[in-house]
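Open the model in your viewer and keep the selection panel at hand. The stops below say what to select next and what is there.

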Amino acid sequence: MHPDHNAPPLNPLPPIVWLLALPLIAAELAIQLQSAGLLGGGQAIGLREELFQKLMLLPELLRLQWETGGHPADELYRLVGYVLVHASFTDTLFAVVLFLALGKGVGEVLAWWAVTVVVLSSVLVGGLAYGLLVPGLKTPLIGAYPAVYGL
């Protein structure tokens, strides 16, 4: 066996997969820098908890929006924002690794715009299904796993 000394250290990924994964990585990096005291100057204590409060998809709120025709409309960002926050560093690591691995396979078969449509529609449909199809559910939805499942 002759090893390829020119092989890249990481398998090359389609640029769209990196572009879609970058916000997940950046959010966790900001959380880790803040928890190490390198970001926020000591005033931004609990960035993960703050992101939970701002981005988690609340089923009760989604059902209220469904019943009232989208009101309060200023909370609709949660339908895509919940993907950015995870329960822990390990949770983020697994989600990003799975996203990159499955995104590589999908990105090599589909065009960049089709990968984007698959990911965004998975996030939207996953959030809507979670919030509207399970009656009485009160646990908020966080994490990139609906996007991973869509891939």
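Start with the largest pocket of this predicted model. About 170 Å³ of space lies inside. Rolling a probe the size of a water molecule over the atoms is what shows where empty space is left.

Select the lining: Leu20, Pro23, Leu24, Val80, Val83, Leu84, Phe99, Val119, Leu120, Val123, Ala144 and Ala147. How many of these lining residues are nonpolar, polar or charged? Twelve are nonpolar, and there are no polar and no charged ones. Now color by helix. At least two lining residues come from α1, and at least two from α6 (112-132).

**Zoom out**

Show the whole chain as a cartoon. From the N terminus, the order is α-α-α-α-α-α-α. Along the principal axes, the C-alpha atoms fill a box of roughly 65 × 40 × 20 Å. The chain has 151 residues, and 38% of them count as buried.

**The surface patch**

Select Leu29, Leu33, Leu38 and Leu39. They form a nonpolar patch on the surface. Together they have about 380 Å² of accessible area. Center on Leu39. Leu39 is in the loop between α1 (15-35) and α2 (47-55). Its relative accessibility is 38%, so Leu39 counts as partly exposed.

**The salt bridges**

Side chains of opposite charge can pair when their charged atoms come close. The whole structure holds five salt bridges.

Select Lys54 and Glu50. Their side chains meet in a salt bridge, 3.2 Å from N to O. Both residues are in helix α2, four residues apart, which means about one helical turn separates them. Lys54 is partly exposed, at 44% relative accessible area. Glu50 is partly exposed as well, at 35%.

Next, select Lys138 and Glu60. Their closest N and O atoms are 3.5 Å apart, in another salt bridge. Lys138 lies in the loop between α6 and α7 (145-150), while Glu60 belongs to helix α3 (residues 59-67), so this pair ties together parts 78 residues apart in sequence. Lys138 is exposed, with a relative accessible area of 59%. Glu60 is partly exposed, at 43%.

Last, select Glu75 and Arg78. This salt bridge spans 2.5 Å from N to O. Is Arg78 buried or exposed? Arg78 is buried: its relative accessible area is 8%, and the cut-off for buried is under 20%.

How values were computed
Residues are numbered from 1 along each chain as its sequence is written. This is a predicted model: local features need pLDDT of at least 70, side-chain atom pairs count only at pLDDT 80 or more; totals for chains, interfaces and linings use all residues. Side-chain values use heavy atoms; hydrogens and water are left out. Patches are made of residues with over 30% relative accessible area and no salt bridge: like charges are joined within 9 Å, nonpolar side chains (Val, Leu, Ile, Met, Phe, Trp, Tyr) within 5 Å. Accessible areas come from the Shrake-Rupley method with a 1.4 Å probe; for residues, only the protein chains shown count as cover. A salt bridge is a side-chain nitrogen of Lys or Arg within 4 Å of a carboxyl oxygen of Asp or Glu. Buried means under 20% relative accessible area, exposed over 50%, partly exposed in between (1.4 Å probe, protein chains only). On a 1 Å grid over the protein atoms alone, a cavity is a set of points where a 1.4 Å probe fits but cannot get out, and a pocket is an open set with protein on both sides within 12 Å along at least five of seven lines; lining residues have an atom within 4 Å of a point. Grid points are joined across faces, edges and corners, and a volume is the space filled by probe spheres set on the points. Ala, Val, Leu, Ile, Met, Phe, Trp, Tyr, Cys and Pro count as nonpolar, Asp, Glu, Lys and Arg as charged, and the others, Gly among them, as polar.
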